[in-house]
Amino acid sequence: MTNEAVGIEMAMANNPEVSLEFDPAFFDQSMLSTLNWLPNELLSGPSDQSQSTGAPSQYNTSLGQGAYFSGAAWQPPVVSAGQISPLRLGNVSQSPSVHVSLGNSMESPNQYSHPMSETSPHTETVDSAKRSADYYVDGAGARLPKYRKKHTPWSSSSVEPTDIGRQLLLEDGEHRFNFPVISEIRTDQVSEEVAHLAQRIEPSTYDGIYRHFVLLCRNENPLFDTFESDGFPTVDECNWFIAFFFDSFQAVYPILHLPTFDPNTCHWLLTLSIVAVGCHVSHITEMEQCSSGFHELIRRGIYVEKEKSGHRLASLELLQAMLFNCIGLLHSRNERDKISALSAFSDLVTLMKRDRLLEPIPVNFSGASQEAAWISWIQDEVKGRTGYCIWLVDCTLAYYFDDRPLLSLDDGQAALPAQEKIWQATSAEKWKQLWENSTGTLNPDPTASHNLTPPVNESLYDAVHILYIEKRLVSGIGEFSHVLLIHALYHRMWEVGDYFRRPLSFWNPTARKQSRETAIPTGSVWLPGIPSYSKWRNSACDCLDILHWTANSTIAKAAGLEHATVLHLHSARLFLLAPFREMRTLAISLATEKLRYSKRHQSLEWQYIWRWMKHDQYKARLSIIHAGVTLWHVRRYSTNAFHEPLAAFIAVLTLWAYGSCHAHASHESSPHSQAPRAEPLHEPSFIHLDRPCDDELVQLFVREGHAMRGNVTGVGDICGVEGPERLLRVGCEILSGLTAWSISKRFVAILTRLADLSSYHSSWEQSRRQEGEQV
C-alpha cells in the first residue's frame with residue numbers, strides 16, 4: 001500500500017519533543033498498513049463508495065475518516081505515559097438414564113436478560129422436536145439448526161451474585177474437604193460409542209483407590225489435614241466419570257487411546273485423575289465439591305509418589321496424572337488451588353524435559369507383527385501427545401496469568417499427532433487401512449510381509465515454518481495438531497513482541513559514543529506502530545486464515561456443526577490483535593475497587609485500549625467480529641473444554657472495552673469534528689457480531705466499520721448508551737452456562753460487579769445532567 005493511499009504521516013505532530021533516532025529503513029512507510037491481510041486497494045475503496053451518510057452520529061463524531069487518515073498524525077511506536085491523550089457400563093446400579101434439573105438459570109430473570117434478548121439454545125428442550133425436525137423431509141416447516149446438546153446453567157445460589165467480594169478476594173482461609181452424596185448423573189449425555197468402548201473399573205482397582213483415600217485423607221498425619229468423612233463416590237459413579245472424560249475432554253484433547261486404555265492396569269493416580277476430570281464435565285450438581293476432593297487426594301498421592309521415586313525417571317502415567325490434576329486446579333475459582341497448580345506444573349515441565357517427551361522418536365517396526373507394530377505406534381503417540389498437551393497448557397498459562405512460558409517453540413521437535421480417525425482405530429487392521437486411505441502410501445517393512453511402518457509427521461517446529469513460509473498445512477495431522485499450530489503462532493508473536501519491547505532493538509550499533517537517553521527510546525512501546533511487528537502480525541493472521549479454511553471444510557462435512565478448533569481460531573484473533581491484558585487488568589481493578597469507576601478514563605489501561613480502538617482501528621474491528629462469534633460458538637457448540645470460560649470472558653471484555661471507549665470518545669467529541677460523507681454508501685449499516693457472516697460483509701466492516709453499528713443479541717448496538725452494561729449482563733448469562741469449570745463463577749462475579757458499577761454511574765450521571773438542566 002502506498003503512502004498516499006493511507007495518508008498516514010510519520011511526523012509525530014502531537015509529540016514534537018520526542019526524538020526517535022531510528023534507522024529510516026526500519027520504519028518504511030510502505031509497511032504501515034494496519035488493515036490486516038486485505039488487498040491494498042480495499043483501503044481506499046471504489047471511487048463511487050468513498051463517501052457515506054446515514055451512519056449513527058456516535059460513529060461519525062469520533063471515528064469518521066477524517067479522524068484516521070489525512071488529518072491524523074502517525075502514532076509513534078514508543079510513547080511515555082505523559083504523552084498519552086486522556087461407555088457401555090453394563091449392570092450399573094445407578095438409576096436409569098434420566099434428565100436431572102440443575103435448577104433455574106437465575107433467581108431474578110431480569111438480572112441476565114433484556115427486552116432485546118432471544119431464547120438461547122441453552123434452554124432448548126426436547127419439545128422443540130415437535131415443532132421442527134432434523135430434515136425437511138420430516139414435514140416440519142423448518143429443520144432444526146445444528147448445535148450440541150446443552151445443559152442448564154447454574155442457579156443463582158450457586159453463582160452467589162450478592163457476595164461479589166468473596167469471589168474476587170484471595171481465599172487463604174482453611175478449606176475442609178469432603179465428598180458429597182451424588183444425587184443423580186445424567187447418563188444419557190455419554191455417546192453410545194464411548195459407553196461401549198470405555199472399560200470399567202474392577203472392584204479390586206476401586207478397593208485399592210479407596211485404601212489410598214483412607215491412608216492419605218482419613219488417617220491423622222503431620223502432612224495433610226483429614227477429610228471430614230469416609231464418604232467416597234461409588235464404583236459405578238467413578239465408571240460414569242471415566243465415560244464422561246472420554247466423551248468430552250478426550251474429544252477435544254485426545255491424549256489417551258480409548259480402545260486400548262484399561263483403568264485397571266495403569267497407575268491408580270492416572271485412573272483417579274481421569275475420574276476427576278470426568279467429574280468436572282458430568283454436570284452433576286455436586287461437581288465443585290466432588291472434584292475438589294478428587295484433586296486434593298490426587299495432589300497428596302503425587303506428593304508421596306514423587307518422594308518415593310526420588311531421582312528416578314517418573315512414569316508417563318504419573319506425568320499424565322499430574323497434567324490432568326493441574327488442569328482441574330488451574331480452572332478452579334479458588335486462588336489457593338491456582339497457586340498450588342502453578343507450582344505443580346513447574347515440576348511437571350521439569351519432569352517432562354527430563355523424560356524427553358517432545359524429542360523425536362525413531363520409528364522401527366522391523367520384524368514385528370502388525371499387532372505389535374500398532375501397539376508400539378500407540379505408545380509413541382501417547383508419549384508425544386502427552387508432551388504436546390503439557391506444552392499447550394504451558395502456552396495457555398502465558399495468556400491466562402501473564403506468566404512467561406516455561407517451554408518454547410524450539411521444544412516442539414516430536415512428530416505432530418496423527419489424524420483423529422487413525423488415532424481412534426480399534427484394531428491393527430483398521431489402523432492399517434486408515435493409514436493407507438489417508439496417505440496412499442505406507443513404508444513396507446522388507447523383513448516381514450505383514451509389517452507396515454506409517455510415515456512420520458512433521459514436528460511442530462517444522463510445521464509452523466511451513467505454515468508461515470509455504471502458506472500450507474502439512475499433511476497427516478488432525479484437529480489436535482491444528483490447535484497446537486495456533487498456539488505456535490502465539491509463541492512466534494511473543495518472540496517478535498519481546499524483541500521490539502527491548503530498547504536496544506531500536507539502536508543501530510556504532511563505534512561512536514552516544515547518550516543513552518537520545519540513542520534509545522524511553523517509555524512504553526506501541527507494538528502496532530512498528531512496521532516489522534505489524535507485518536509479522538499480518539502474517540500470523542494469514543496462517544490463521546489457512547487453518548480457518550480447513551476448519552470451514554470440516555464444518556461443511558459435519559452439516560454445519562462447529563468443532564472445538566473453531567473456538568481456538570476465534571480466540572487467537574483476540575489474543576493476537578486485542579490488548580486483552582489491559583482489558584482484563586482494567587476490569588479486575590474496577591471490580592475489586594482498586595480503581596474508582598469514575599476515574600477509569602485516567603488509567604493507563606484505558607488509554608491503551610482507547611489508542612488501540614482509534615489508531616489500530618482495523619485490527620480492533622476484526623477483534624470484535626471474532627469476539628462476537630466466540631460468544632456464538634460457546635452458546636451453541638460448547639464441548640465443556642477447559643479453555644471455553646476464558647475465551648468467553650475475554651470475548652465479553654473485548655466487546656465491552658470497545659463499546660465503552662467508543663461511547664466515551666463519541667461523548668467527548670464535538671459535532672464540528674465530524675467528517676460527514678457526501679454520498680450514501682449502498683452497503684449494510686449494521687452487522688450482527690454474534691452471528692456467522694459472509695467474508696464480504698466481514699471485510700466491509702473491517703474497513704468501513706466506523707459507519708456501521710455492531711449489534712449483539714440481547715444488547716443491540718455495543719457502542720450505544722446502554723450497550724456496554726447490557727453486554728456485561730449477557731456475558732454473565734453465557735458464562736453461567738459453562739458449569740464444568742468453576743473459574744466461570746469468578747468471571748461471572750467480575751462481570752456482574754462491572755455491570756452494577758456501570759448501571760450505578762450511568763444513573764448518577766443522568767441524575768446530575770437532569771439537575772443541571774433544571775438549574
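**Exercise 1.** At what angle do the axes of helix H8 (residues 203-218) and H11 cross, and within what distance do they come?

*Solution.* The model is predicted, with local features needing pLDDT of at least 70 and side-chain atom pairs counting only at pLDDT 80 or more, while totals for chains, interfaces and linings use all residues. Residues are numbered from 1 along each chain as its sequence is written, and side-chain values use heavy atoms, with hydrogens and water left out.

Step 1. Axes are lines fitted to C-alpha atoms, for helices over the stretch in contact, and angles run from 0 to 180 degrees between N-to-C directions. Helices are DSSP runs of H or I with at least four residues, strands are runs of E with at least two, and both are numbered from the N terminus.

Step 2. The axes of H8 and H11 cross at roughly 90° and come within 10 Å.

Step 3. Angles under 35 degrees count as roughly parallel, over 145 as roughly antiparallel, 65 to 115 as roughly perpendicular and the rest as oblique. H8 and H11 are therefore roughly perpendicular to each other.

Step 4. In contact terms (heavy atoms within 4.5 Å), His212, Phe213, Leu216 and Cys217 of H8 meet Leu297, Arg300, Gly301 and Val304 of H11. By class, this contact of H8 with H11 has five nonpolar, two polar and one charged residues. Here Ala, Val, Leu, Ile, Met, Phe, Trp, Tyr, Cys and Pro count as nonpolar, Asp, Glu, Lys and Arg as charged, and the others, Gly among them, as polar.

**Exercise 2.** Describe how helix H18 (residues 479-501) packs with helix H20 (residues 531-557).

*Solution.* The two axes come within 10 Å and cross at roughly 175°. That makes H18 roughly antiparallel to H20. The residues of their contact divide into twelve nonpolar, five polar and three charged. Among them are Leu485, Leu489 and Phe500 in H18, and Trp536, Leu544 and Leu547 in H20.

**Exercise 3.** Is histidine 548 buried or exposed?

*Solution.* Histidine 548 is found in helix H20. Buried means under 20% relative accessible area, exposed over 50%, and partly exposed in between (1.4 Å probe, protein chains only). At 11% relative accessibility, histidine 548 counts as buried. Leaving aside neighbours within four places in sequence, histidine 548 is in contact with Val566, Leu569, His570 and Arg573.
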